[in-house]
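Please look over the sequence and the model before reading on. The paragraphs that follow begin with a pair of charged side chains and then widen to the chain as a whole.

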Amino acid sequence: MNVLTWSELSETERAEALRRATAAAGPEVRAGVADILEQVRTRGDAALRELTARLDRAEPAALEVSVADRDAAVAALDPQLREAIAEAAARIRAFHEAGMQSAYAVETAPGVVCERVVRPIRRVGLYVPAGSAPLPSTALMLGVPAQLAGCPEVVLCTPPRPDGTADPAVLAAAAECGITRIFVVGGAQAIAAMAYGTGSVPACDKLFGPGNAWVTEAKRQVTTAEGGPGIDMPAGPSEVLVIADAGADPEFVAADLLSQAEHGPDSQVLLLTDSRELAEAVAAQVEEQVESLPRADIARKALASSRLILTPDLDTAFEVSNDYAPEHLILALRDAEERVAQVDRAGSVFLGDHTPETLGDYCSGTNHVLPTAGAARFTGGVNVSAFQIAMTVQRATPDGLAAVGPCAVVLSEAEQLHAHQRAVTRRLDRLAPTQDAS
């Protein structure tokens, strides 16, 4: 990895340095996803089976995993892994439960009470990637908040292994969250199945989960269609940005960069630092460490679109980071706690030398389903409220209507919406004799 000097780059070169790898795949991915969605929408399970055989090279005996098969796979799992799944779930549950939204009521005028009530989404669809590596942690990140929200129906789709079965660790994580409806379907076709419904997979009201460019595009297309489901956020290829000072450990920084690069060839990792010596040391460490990775080929492809950038100072590094809006932001700084105030936009932030992003991926308690591709500009990560609907409820007594009704009359007159106005004035006219008598 070469070191780029930010102050020597033109605006065009700066934009290119920060360009996410997925940007170049747009038209091809859009067309391919549209074709898959149409196949599943029109031919249901038959299309799912054909696409699974062609794209995943697997032929599941059944699209849905039976509860008996799920439990058998969990029972055969390494006890240490089962314990780790339960331990991680407990921390995720503790963190998310503490931040749950609650109902409230406010009397906004004498006789007028406005409330917010919270209801779970009726049926949610969770996508758990497992294409190049199974991600049981994602099942926890989605399943725990859905469980806390009280969603009556939870559907989970995950790609099959070559033998047509679901990954046992993913099944164990699903079981930990009480999920019983699990389907061995992956990619854009899984998103289509949960959006439209097939003979086996029920249509869902909202879809959740990260994935590659195809999964992300499928979520975008189904949610923009008339009557389509909601989605959590754009959650595509993984990315991390590290801001490091001269005191950072090059070995740790390189390890953090590679931890995201190994996710997939379209992942992106960036280092911003004001120390050329550190940048060069990190570059050397990346080259050394990648050699020993089992997923070295994947990581090298991701590194091809990744950058080490030398900024004139750390303040500039924070400006660049805020413009980029990374999914993960690591502050490998001596004053990381104080510098958090400079972070305006990021999915999740990790402070200091002993807080690797990996903790957030698995077991610290925060959620790892985070906005990518710059979506941290306008949204945050998944939490319990994403699985709920917040409705407002209001009631007015006759005195309450008399108190606030005239305000509505004036405003509706200004907007020339006279039917709105008369829905109030007809009631006020009925009240007038009563109030005059009193």
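R300 is partly exposed, its relative accessible area being 34%, where buried stands for under 20% relative accessible area, exposed for over 50%, and partly exposed for what falls in between (1.4 Å probe, protein chains only). The side chain of R300 forms a salt bridge with E291, with 3.0 Å between the closest N and O atoms; the term is used for a side-chain nitrogen of Lys or Arg within 4 Å of a carboxyl oxygen of Asp or Glu. E291, at 53% relative accessibility, counts as exposed. Elsewhere, salt bridges with shared partners join D245, R334 and D353 into one network.

The model is a predicted one, in which local features need pLDDT of at least 70 and side-chain atom pairs count only at pLDDT 80 or more, while totals for chains, interfaces and linings use all residues. Residues are numbered from 1 along each chain as its sequence is written, and side-chain values use heavy atoms, with hydrogens and water left out.

Side chains of opposite charge can pair when their charged atoms come close. By the rule already given, the count comes to 22 salt bridges. One of them links D71 and R70, with 2.9 Å from N to O. In this pair D71 is partly exposed, with a relative accessible area of 37%, whereas R70 counts as buried at 10%. Another salt bridge is formed by R276 with E280, whose closest N and O atoms are 4.0 Å apart. Because R276 and E280 are four residues apart in helix α10 (residues 276–290), about one helical turn separates them. R276 counts as partly exposed at 37% relative accessibility, and E280 is likewise partly exposed, with a relative accessible area of 44%.

Helix α10 also holds A281, which counts as partly exposed at 26% relative accessibility. The C-alpha atom of A281 is separated by 8.3 Å from that of E251, a residue 30 positions away along the chain.

The chain has 438 residues, of which 50% count as buried. Among the contacts with a separation of 6 or more, 74% are made by residues 24 or more positions apart, a contact meaning heavy atoms within 4.5 Å. The chain exposes about 20300 Å², and carbon and sulfur atoms supply 52% of that area, as computed by the Shrake-Rupley method with a 1.4 Å probe.

The backbone has its own points of interest. Most residues other than glycine have a negative phi, and most peptide bonds are trans. R57, although it is not a glycine, has a positive phi of about 55°. This residue lies in the loop between α2 (26–56) and β2 (64–65), and R57 is exposed, with a relative accessible area of 72%. A373, again not a glycine, has a positive phi of about 55°. The loop that holds A373 runs between α14 (357–362) and β15 (388–396), and A373 counts as partly exposed at 49% relative accessibility.

Rolling a probe the size of a water molecule over the atoms shows where empty space is left. How many cavities of 30 Å³ or more does a search of the whole structure find? The search finds one, a cavity being a set of points, on a 1 Å grid over the protein atoms alone, where a 1.4 Å probe fits but cannot get out. The largest cavity has a volume of about 60 Å³, where volume means the space filled by probe spheres set on the grid points, which are joined across faces, edges and corners.

The lining of this cavity, made up of residues with an atom within 4 Å of a point, consists of D249, F252, V253, D256, I330, A332, G352, D353, T355 and P356. The elements that give two or more residues to this lining are α9 (250–261) and β13 (328–332), and α9 gives the most, with three residues. By residue class the lining divides into five nonpolar, two polar and three charged, with Ala, Val, Leu, Ile, Met, Phe, Trp, Tyr, Cys and Pro taken as nonpolar, Asp, Glu, Lys and Arg as charged, and the others, Gly among them, as polar. D353 is one of the lining residues, and D353 also belongs to the salt-bridge network with D245 and R334.

Methods: On a 1 Å grid over the protein atoms alone, a cavity is a set of points where a 1.4 Å probe fits but cannot get out, and a pocket is an open set with protein on both sides within 12 Å along at least five of seven lines; lining residues have an atom within 4 Å of a point.
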